[in-house]
Each structure stands twice: as structure tokens, then as C-alpha cells.
Amino acid sequence: MAAEPIVAIRELSKVYQQGEINVTALNEVSVDIHEGEFVVLMGPSGSGKSTLLHIIAGIDRATKGSVLVQGINVANLNESELADWRNQNVGFVFQSFNLIPVLTAAENVELPLLLTSLGRAERRRQVALALELVGLGDRGHHRPDQMSGGQQQRVAIARALVTDPTLIVADEPTGNLDAKSASDVLTILQSLSRVSKKTVIMVTHDPKAAHFGTRSLHLEKGEIVAD
Amino acid sequence: MNLPTFVLKNALRNRRRALLTIISVAISCGLLVTLLTLQRELTIPPESEAASLRIIARNKVSLAQPLPAKQLAVIERIPGIVAVTPFTFFGGNFRDETVTSFAQFAVDPKRFQGLLVEGKIVDGSYDAFVADRTSCLVGADTMKRYGLKIGDRMKFTGTFFPVDLDLKILAVFQGTVDDRGVFFHHKLLDELNGDPGTVGTWYMRVESAEVSNEVIARVNAAFENTAAEVRAETERAFQMGFVSMLGNVKMLVMLISGAVVFTLMLVTISTMSMAIRERFRELAVLKALGFQRRELFAFILAESFGLAVVGAVVGIGGAWGLWTHLDLQKLTSGFLLYFEVTPRIMAWGAAVAAVMGLVSAIPPAVETARMSVTEGLKTLD
């Protein structure tokens with residue numbers, strides 16, 4: 001395991017304002033995550049695990065504290081820089097797949113590459129590689145509605161890894177899947193961590209899913225209570 | 001896949017809605033073009049180079065008041081005038097028609113030839129028309145419309161004058177901006193009316209456009225403080241006087257056009273807002289993947305603009321095709337003569353559609369720009 005953490009979180013707090021009430025989602029959280037780790041964030045609803053994931057991934061901002069990803073303080077990036085940073089460094093996997101229904105699997109996977117300077121042929125090559133990696137090399141021309149939930153989630157994983165990001169963040173990726181599909185998806189994420197040395201951070205409620213990770217962080221009331 | 005393909009697939013994801021939007025924009029644009037064409041038809045009299053040289057003098061009291069025929073001798077001597085003829089509107093009904101769409105004028109045939117500058121005799125003979133007191137000179141459009149030929153007779157029932165006309169067609173003209181009129185001998189009208197010694201108006205041609213204002217002033221001055229003062233004006237000003245009798249048509253048409261444009265805007269904004277709202281989560285995902293606000297705005301704008309442009313092409317093209325190939329003169333009994341959908345009008349229609357496409361993209365684009373990724377994902381999760 002590398003000495004320098006990929007993700008260094010220091011005294012991170014997030015306070016939401018709901019009407020006149022301040023709700024603390026994260027309270028002074030500090031944690032290091034290293035390259036190749038498969039970190040599972042667990043905890044009850046409202047514990048702050050998704051908020052932590054969103055801040056690490058640069059789709060939400062902290063109220064206080066810092067998140068350094070490969071030495072870059074994400075909080076210091078403006079909206080435009082953050083968008084570029086996400087495209088280059090983060091792959092997203094959502095609970096409800098979030099594929100674009102009018103695009104084929106290959107086109108969905110290609111989407112993040114449209115923002116890069118890669119040519120069409122190179123994009124196609126990368127897309128084919130990513131789909132092959134998740135075992136859907138022959139389903140590239142299928143639309144999401146022609147695929148099962150497990151297959152759709154695997155397409156989403158292919159989309160997440162096609163830009164070769166540092167981080168792959170997954171927000172309850174197995175929440176909408178049956179046991180077999182869930183196991184397939186978790187195995188792929190595990191393999192990305194073990195074989196490709198990707199840093200995977202996953203939020204889940206499922207204790208079985210947690211067994212696929214290399215490390216579990218348990219959050220309660222915005223604090224890490226078990227590591 | 002590339003970005004234009006992505007935009008196209010998004011625009012056509014709900015084909016029924018896209019089609020209905022295109023149809024609504026097409027109908028609105030077609031209607032707008034039709035209204036602008038109607039406005040042009042009603043408010044802009046046909047113009048020609050020769051028309052700028054022509055002057056009409058009428059009784060200062062009103063058009064209905066005749067002028068003394070003896071004024072001719074005075075007008076003839078006014079410098080700058082190269083031709084003048086009495087010009088009296090007969091206003092009869094042809095055959096059994098209750099409303100006849102072409103005008104009939106009593107003129108002095110010899111003198112009138114000097115005013116028919118752009119018109120050419122295409123059938124019969126002008127000399128024969130001059131020689132026969134009961135003959136008439138007819139516009140080619142009227143000949144064609146009623147299937148008339150040289151030698152046929154045209155019977156008119158008087159409405160302004162208590163007399164009827166029975167004229168023999170001896171010449172046909174073509175090439176003027178309005179090839180519908182019928183011209184006959186003033187002498188015949190005088191005879192039928194018991195030689196009252198009056199004319200409706202004086203129709204003059206000046207030697208050059210530069211002197212027309214000067215000549216108008218001279219004509220007006222010549223009959224100042226007489227029993228029959230005149231009001232001389234250019235042919236165009238005279239025609240515009242008739243237009244003003246229709247009321248403020250321009251304002252009315254503009255109001256209706258404004259309502260059409262406003263409705264069009266509401267339809268497209270509403271459609272685009274609905275289309276974007278149902279894709280909020282997808283847009284949030286695109287943001288998460290690294291797409292910037294400007295790119296999302298470009299997607300929305302391209303989609304909205306694309307639908308508006310397709311609608312405009314269908315609507316404006318449809319209106320052009322319809323009004324160009326339909327014989328409106330026949331259908332409206334001559335009320336609408338040209339109804340020409342000019343390039344300028346089509347450009348107006350296209351410009352309005354383009355602006356609508358742009359404007360309707362703004363509210364959903366602003367909404368999308370303000371949306372954070374986490375909000376977008378939560379909203380529809």
C-alpha cells in the first residue's frame with residue numbers, strides 16, 4: 001500500500017440548512033484512503049455516508065475542512081475546474097444506474113470520453129475495452145431497456161472506468177439488483193481494486209456487500225465510529 | 001457517437017412531442033407569414049417606376065365631388081405635365097356580379113396612351129380602341145379570368161352612375177402592376193349622363209420624379225380660391241388614401257401577429273421546460289461526468305433551436321408553397337391580387353422562430369445551471 005494517501009480528508013464538516021434548523025451531516029471527519037483500497041462506507045440512513053462520498057467525488061462542497069485527492073484540494077476548485085477534475089479523476093456508479101435511455105450501451109460508455117481530446121477510433125477502442133472488462137463486449141449496441149438491471153449496472157461501471165480515473169465512487173450500486181447481479185457487480189468492483197489498483201469507495205447498507213471491500217468505515221451522526 | 005448525434009437523439013426521444021412541437025411552430029410560423037403577407041397586400045399599393053411620375057388630382061372637398069371638365073385647359077398649360085386625362089371611376093358590376101373586383105374608368109383614350117407607360121398592347125389594337133367610342137381597353141388578367149376575347153362585349157350595371165355600359169373589347173393591355181382594369185371613352189359616359197361637364201379626377205404624368213412635388217404645388221395653386229379647388233397627390237399617396245379607409249389594418253394585423261408570436265413562445269417554452277424537467281436526473285449525471293454548464297446549455301439550445309428551425313422551415317415553406325400555387329385572385333374574386341410571400345416576409349418568420357428557439361431554451365437552461373448534481377440526483381431518484 002502506498003505511503004501517500006490518494007484521498008486525505010481533514011476535519012471535514014458539512015452542515016445543511018433546513019429552514020431555520022442547521023443539520024450537521026458530517027462532523028470533523030478525518031480519514032486517509034490509499035491507492036487500491038476498496039473502502040466501504042456503512043451506517044444508518046442520515047449518518048452522512050453519501051454526503052462524504054459526494055464531497056470526495058466533487059459533486060458537493062464541504063462547509064469546513066479539506067479533501068485532498070492526489071494532493072489537489074477539491075474545495076479550492078471552481079465549478080468549471082471541478083467539472084474537468086471529475087471527468088479526469090472520478091468514475092461514478094449510481095444505485096439506479098442512470099444510463100441515458102436513448103443511447104446504446106456503447107454510447108453511454110462513450111459519453112465521458114466526448115469531453116476528452118480522443119479521436120473517434122480511440123474512443124471506440126476504449127469503449128470496447130471497458131465493456132469487455134465488465135463482460136458485456138457483445139452488448140454494446142443494446143439500449144438500456146433491452147438489458148437486465150445487472151447488465152445496466154455493469155454498463156454504468158464500464159462508463160465509470162472508461163476514462164481510467166483515480167477514484168471510482170459507487171453509491172449503493174447493488175441497491176436495485178438481485179443477489180446474483182449484486183454479486184457480479186461487487187466482484188467487478190473488487191477486481192478493479194485488486195487487479196487494476198483503482199481506489200473504490202462504495203456506500204452500502206448491505207453487510208454482505210461490505211465483505212467485498214478491503215476496509216469498512218462505519219459512520220453514525222456524521223462521525224466515523226469504526227474503521 | 002458525437003455531440004450532435006447525442007443532441008439529435010435527445011430531441012427525438014419523445015417523437016410524438018417533438019412532432020407536435022414542430023407542428024405547432026409550423027402552424028404559428030405559417031400563420032405569421034400569412035398575416036404579414038396580408039398586411040403587405042392591404043397596405044402597400046402596387047408600385048412601379050412609372051407610378052412615381054403619375055399624379056392624381058381630385059376635388060379638395062371629397063373624392064365623391066366631381067371636378068369641372070374645363071379645368072383641363074388650365075392643367076395642360078402647367079409646366080412639367082407631359083400628359084393628362086380625365087379619369088372617372090365608374091364602379092359598375094360586371095354581368096350578374098354583386099361585387100366586381102376590377103375597376104372601370106372613363107378616360108380620354110388619346111390622352112390616356114401617354115399615361116399607360118409600362119403597359120403594352122398584347123391583343124387587338126389601341127388605335128381601334130381610340131376610334132370606337134363604345135369600345136374598351138381591358139387588362140389581360142380580367143380577359144383571362146373571364147375567358148374573354150377581342151370583340152366580346154362587356155356589360156356593366158352602374159352603381160355610382162345611373163347608367164349601364166355595353167362595351168366592345170378592342171384592345172388588351174399587359175405589363176402594368178395591376179392588369180385588371182377596364183378603360184372606356186369618357187365621351188360615352190358624358191353622353192349617357194347628359195353631358196354634365198364634369199370628371200371624377202385628373203390623371204397626369206410629369207416629366208420627371210424630381211419635379212413631381214413642384215407640379216403638385218402648381219396644380220393645387222392653379223385652382224385655389226375657385227369653386228372647385230383640387231387636391232393633387234402622387235398616385236401612391238392617392239392609393240394610400242384608400243388604404244386608410246380600411247382603418248388601421250396594419251395595427252390590427254400587428255396585434256394578431258403579436259398574439260401568434262406570444263402563443264408560439266409559450267408553447268415552445270412550455271415544451272422545452274417539460275422536456276428538460278423530465279431529464280433533470282440525466283442532466284445531473286452529465287454534470288457529474290464532467291459536462292460543464294455551457295455544454296448543457298448548448299445541448300438545450302441546440303434542441304430547442306433545432307425544433308424551432310424545423311417547424312419554421314415546414315411552416316414558412318408551407319405558407320410559401322400554398323400562397324404561391326393557389327389562385328387567390330380567383331378564390332377571393334380578385335380581393336387578393338398578388339399575395340406574394342416575399343423573401344423579406346419569410347426572413348421575418350424565420351427570425352421570429354429563431355428567437356423563439358433561443359428564448360425558450362433560456363428558462364430550462366437557467367434551471368439546469370442552478371441545479372447541483374446532488375439535487376438533480378435526489379429529485380428524481
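Visitor: Which handedness does the crossing of α5(A) and α6(A) have, left-handed or right-handed?

Guide: A crossing is called left-handed if the near helix is turned anticlockwise from the far one by less than a right angle, and right-handed if clockwise. By that rule the crossing of α5(A) and α6(A) is right-handed. This is a predicted model, in which local features need pLDDT of at least 70 and side-chain atom pairs count only at pLDDT 80 or more, whereas totals for chains, interfaces and linings use all residues. Residues are numbered from 1 along each chain as its sequence is written, while chains are lettered from A and ligands numbered from 1 in the order in which they are written.

Visitor: At what angle do the axes of α5(A) and α6(A) cross?

Guide: Axes are lines fitted to C-alpha atoms, for helices over the stretch in contact, and angles run from 0 to 180 degrees between N-to-C directions. The elements themselves are DSSP runs numbered from the N terminus, with helices being H or I of at least four residues and strands being E of at least two. Here the axes of α5 (residues 149-161) and α6 (residues 179-194), both of chain A, cross at roughly 15° and come within 9 Å. That makes α5(A) roughly parallel to α6(A), on a scale where angles under 35 degrees count as roughly parallel, over 145 as roughly antiparallel, 65 to 115 as roughly perpendicular and the rest as oblique. On the α5(A) side the contact is made by A:G149, A:G150, A:Q153, A:R154, A:I157 and A:L161, and on the α6(A) side by A:S181, A:D184, A:V185, A:I188 and A:L192, two residues being in contact if their C-beta atoms, placed from the backbone, lie within 7 Å. By class, this contact has five nonpolar, four polar and two charged residues, where Ala, Val, Leu, Ile, Met, Phe, Trp, Tyr, Cys and Pro count as nonpolar, Asp, Glu, Lys and Arg as charged, and the others, Gly among them, as polar.

Visitor: How do α1(B) and α12(B) pack?

Guide: Helix α1 (residues 3-11) and helix α12 (residues 293-325) of chain B pack at an angle of about 60°, with their axes 9 Å apart. That makes α1(B) oblique to α12(B), and their crossing is right-handed. The contact joins B:V7, B:N10 and B:A11 of α1(B) to B:F299, B:A302, B:E303, B:G306 and B:L307 of α12(B), and these residues divide into five nonpolar, two polar and one charged.

Visitor: What is the strand order of the open sheet in chain A?

Guide: Strands of a sheet pair through backbone hydrogen bonds, either parallel or antiparallel. In practice, two strands pair if DSSP finds at least two bridges between them. The open sheet of six strands in chain A has the order β6-β7-β8-β3-β9-β10, with mixed pairing. Because β6 (90-93) and β10 (223-226) of chain A stand at the edges, each with a single partner strand, one side of each is left without a neighbour in the sheet. From one strand to the next the twist averages 25°. Within chain A, β3 (residues 38-42) and β9 (residues 215-220) run parallel and are joined by four bridges, and A:V39 stands opposite A:R215 in β9(A).

Visitor: Which residues stand opposite B:F184 in the pairings of β10(B)?

Guide: Strand β5 (residues 104-107) of chain B runs parallel to β10 (residues 182-185) of chain B, with four bridges, and there B:F184 is the bridge partner of B:A106. Strand β7 (residues 135-139) of chain B runs antiparallel to β10(B), with three bridges, and B:C136 stands opposite B:F184.

Visitor: How does B:G181 count, buried or partly exposed?

Guide: A residue is buried if 20 or more other C-beta atoms, placed from the backbone, lie within 10 Å of its own, exposed if 12 or fewer, and partly exposed in between. With 19 C-beta neighbours inside 10 Å, B:G181 counts as partly exposed. This glycine is found in the loop between β9 (164-174) and β10 of chain B. Although B:G181 and B:Q104 are 77 residues apart in sequence, their C-alpha atoms are 5.9 Å apart in space.

Visitor: What is the phi of A:K197, and where does A:K197 lie?

Guide: Phi of A:K197 is near 60°, a positive value in a residue other than glycine, and A:K197 lies in the loop between α6 and β8 (199-203) of chain A. With 12 other C-beta atoms within 10 Å, A:K197 is exposed. Phi of B:R95 is near 50°, again positive in a residue other than glycine, and B:R95 is exposed, with 10 other C-beta atoms within 10 Å.
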